[in-house]
Amino acid sequence: MKSKASAPGKVILFGEHFVVYGIKAILCAIDKRITVTAEKTKERKISIKSNIGKLELEKNISLSEINSPLKPFYYLANKIIKNHDIGIEIIIESEIPLGVGLGSSSACCVAGAAAISRLFADTTKEEILKLAIEAEKTIFQNTSGADCTVCTYGGIMEYDKESGFTTIESQPNFHLVIANSNIEHSTETIVAAVKEFKAKNEEEFSTLCRNESELIEDVLKELKDNNIKEIGNKVIQNQEYLEKIGISNDKLRDMVKIGKNRSFGAKITGAGGGGCIFALTDKSNLDNTIKQFKDNNYDCFSVKIDFKGLDTF
Ligand SMILES: Nc1ncnc2c1ncn2[C@@H]1O[C@H](COP(=O)(O)OP(=O)(O)OP(=O)(O)O)[C@@H](O)[C@H]1O
Ligand SMILES: C[C@@](O)(CCO)CC(=O)[O-]
């Protein structure tokens, strides 16, 4: 028997990094997915295959001995099958570029947790999310949990570490144009750099947290009225806060400038340091925004909000 699950990637619209320190963020799932297939095998091994590599190991190996990006899958498989006299084969297929802020790791953890656990039981989304966050912590200990949450439930939501998520019901009709700097980042490293910035600039950081929090409350109001122009202005404002905490660079700044030319606003999304920016558009300026990026030789594509979230089949 095979068990298959897919989960979407994500874009953080507002509040990355600050969310790690308890501030609310607004994020949405996007229509690019990772699909994981899991199958029980007679050979008592855990075998994982993906476009980024392969891993085949016995059960019950200590995680500290595993130095592979496929570690979250090993963690999930071992946790779930360790007391069963079987092995497991896991296959990963991805439409989400890796390490560029679009939530490839969370989509992997959510789809992996669902595909593997559902070989044995009808796990709920809540149980799957809990497993996925545990798995993500094997590569990124300090995760706020925001990414796995939106990859599980889909749609657009507000999220904070303490209260979890609330779905935003207005279902805005955005088109997001994503431009990729093609500079890979490690989320863990950038989050650690922000922690250092905070330690050296406590006062400035708490002012920025307050500003971000106010900005997010304003955006939540604008979302109710679908006021895309004003939301675009808030995107521009949020980018300024990200500049201040040091997660931007010359290439990202150039991309944001180009993105702003025709769209309602543009900013980094996710950890930064490299990765992607998005430009907020609707039908009226989608094509012109894409053209701006292409004319300047930047890789770009448009995405829409995914309202489905985790899918199992
Ligand atoms: N196709 C894939 N196959 C297997 N594992 C993958 C794949 N894509 C992503 N991953 C997992 O996700 C990790 C990349 O996570 P990272 O947090 O650095 O980037 P991201 O999730 O794309 O960006 P962000 O967290 O900023 O949204 C990889 O090291 C690997 O563990
Ligand atoms: C940078 C960060 O805020 C988002 C990464 O996609 C980290 C996190 O929320 O875990």
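**Entry 1: ligand shell.** I began with the elements around ligand 1. Strand 5 (87-94) and helix 2 (104-117) each supply at least two residues of the shell around ligand 1. I took helices (H or I, at least four residues) and strands (E, at least two) as DSSP runs, numbered from the N terminus. Helix 2 gives the most to this shell, with three residues.

The model is predicted: local features need pLDDT of at least 70, side-chain atom pairs count only at pLDDT 80 or more, and totals for chains, interfaces and linings use all residues. Residues are numbered from 1 along each chain as its sequence is written, and chains are lettered from A and ligands numbered from 1 in the order in which they are written.

How many residues surround ligand 1? I found 24, and the closest are Ser 50, Pro 69, Ser 104, Ser 105 and Gly 270. My cut-off for near was a C-beta atom, placed from the backbone, within 6 Å of the molecule.

I sorted the shell by residue class. Twelve are nonpolar, eleven polar and one charged. (Ala, Val, Leu, Ile, Met, Phe, Trp, Tyr, Cys and Pro count as nonpolar, Asp, Glu, Lys and Arg as charged, and the others, Gly among them, as polar.)

Domain 1 (2-170) and domain 2 (175-303) each give the shell at least three residues. The bounds come from an automatic or database domain assignment.

**Entry 2: helix pair.** I turned to helix 1 (residues 71-81) and helix 3 (residues 125-136). They pack at an angle of about 130°, with axes 8 Å apart. Axes are lines fitted to C-alpha atoms, for helices over the stretch in contact, and angles run from 0 to 180 degrees between N-to-C directions. Helix 1 and helix 3 are therefore oblique to each other. (Under 35 degrees counts as roughly parallel, over 145 as roughly antiparallel, 65 to 115 as roughly perpendicular and the rest as oblique.)

Which residues make the contact? Helix 1 uses Pro 72, Tyr 75 and Leu 76, and helix 3 uses Leu 131, Ala 135 and Glu 136. Contact requires C-beta atoms, placed from the backbone, within 7 Å. I counted five nonpolar residues here, no polar and one charged.

Entry 3: 25 residues of domain 1 are in contact with 30 residues of domain 2. On the domain 1 side, strand 1 (2-14) and strand 2 (25-41) each supply at least two residues. Strand 2 gives the most, with four residues. That side divides into 14 nonpolar, six polar and five charged residues.

Terms used. Contact = placed C-beta atoms within 7 Å.
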